[in-house]
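Me: Please take a close look at one part of this model, the open space on the protein and what surrounds it.

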Amino acid sequence: MGKDQTVLFHSTVFGPIHSRRLGVSLGINLMPDDGKVCSFDCLYCEAGFNSQGKGTTGLPARDAVKKDLENKLDTMSANGDPLNVITFSGNGEPTLHPDFHEIVNDVIALRDRYYPDAKVSVLTNSTRIFDKNVAEALKKVDNNILKLDSAVESTMRLIDRPTSKEFTVNKVVEGLKQFAGTGIIQTMILRGVHNGAYVDNTTDEEIEALIRAYMEIRPKEVMLYSLDRSTPEEKLIKVEKEELDRIAAKIKAAGIKVQDF
């Protein structure tokens, strides 16, 4: 059984927070502020399982996102506060918002006005990259961070628990090729147990499958990470840095850039 863990973010614009990867980050949550909407139901999701429900507030309107972000950036700029990145994250999958493309355009325009040196990042689970408008929006941002936790179908389904049976490893790897040279692939490395099933994407078979997938996708770089906060499935085990380093070395040996962690 998982713990009663619920959504992290109770506003549309949140932070700034200090991201271990991205620096001083202002977050944008395009999902409800009192529920979770996602096309995955990951065992490790910091925002909890989808079973908590979608809440009552619904998705924020495009104009509201723009106004909230403008107000925040105006205040930060007036105070002389630093900002390294504006990150689409939050209580679910940001690309599910019907106005995602337009909101990305708004965010880039506001970034250009207030903090032209800041980056715009999107954390996506890759389920919507087959939508033309979503793909075009992702190609506009500075850091297009796309999830691929396993290149073994059964493991991917166990860790990520996609809500659609049509989403497969083969399909997503093919779709990720459109971001060759620009996309950043993010892979959560973990092991543990869920409902009696053992999950482990650190084995030689798993890493070799990931390397083959990375070589097909040809990303700008790969971002490996491990558990950092509490997870709804309590029987997951953090993979320590020493082991991450060994896995990263195997990936680098195949000629693939791995971001330092």
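What volume does the largest pocket have?

Reply: The model is predicted, so local features are taken only at pLDDT of at least 70 and side-chain atom pairs only at pLDDT 80 or more, while totals for chains, interfaces and linings use all residues. Residues are numbered from 1 along each chain as its sequence is written, and side-chain values use heavy atoms, without hydrogens or water.

The largest pocket has a volume of about 960 Å³. A pocket is an open set of points on a 1 Å grid over the protein atoms alone, with protein on both sides within 12 Å along at least five of seven lines; a cavity is a set where a 1.4 Å probe fits but cannot get out, and lining residues have an atom within 4 Å of a point. Volume is the space filled by probe spheres set on points joined across faces, edges and corners.

The lining of the largest pocket comprises 40 residues, and Glu-46, Ser-89, Leu-123, Gln-186 and Tyr-225 are those nearest its centre. Two or more lining residues come from each of the strands E1 (13–19), E2 (23–29), E3 (85–89), E4 (119–124), E5 (143–147), E6 (184–188) and E9 (221–225). Strands (E, at least two residues) and helices (H or I, at least four) are DSSP runs numbered from the N terminus. E1 gives the largest share of this lining, 4 residues. By class, the pocket lining holds 18 nonpolar, 14 polar and 8 charged residues; Ala, Val, Leu, Ile, Met, Phe, Trp, Tyr, Cys and Pro count as nonpolar, Asp, Glu, Lys and Arg as charged, and the others, Gly among them, as polar.

Strand E1 also has a backbone feature to inspect. Pro-16 lies in this strand, and the peptide bond that joins Gly-15 to Pro-16 is cis, with omega of about 10°. Most peptide bonds are trans.

The model has 1 cavity of 30 Å³ or more, and the largest cavity contains about 50 Å³ of space. Phe-40, Asn-125, Ser-126, Lys-147, Leu-148, Asp-149, Ser-150, Met-156, Asp-160, Phe-167 and Val-172 line the largest cavity. This cavity lining divides into 5 nonpolar, 3 polar and 3 charged residues.

Ser-126, one of the residues lining the cavity, sits in the loop between E4 and helix H3 (132–140). Although Ser-126 is not a glycine, its phi is positive, at about 75°. Strand E4, at one end of that loop, is also among the strands that give two or more residues to the lining of the largest pocket.
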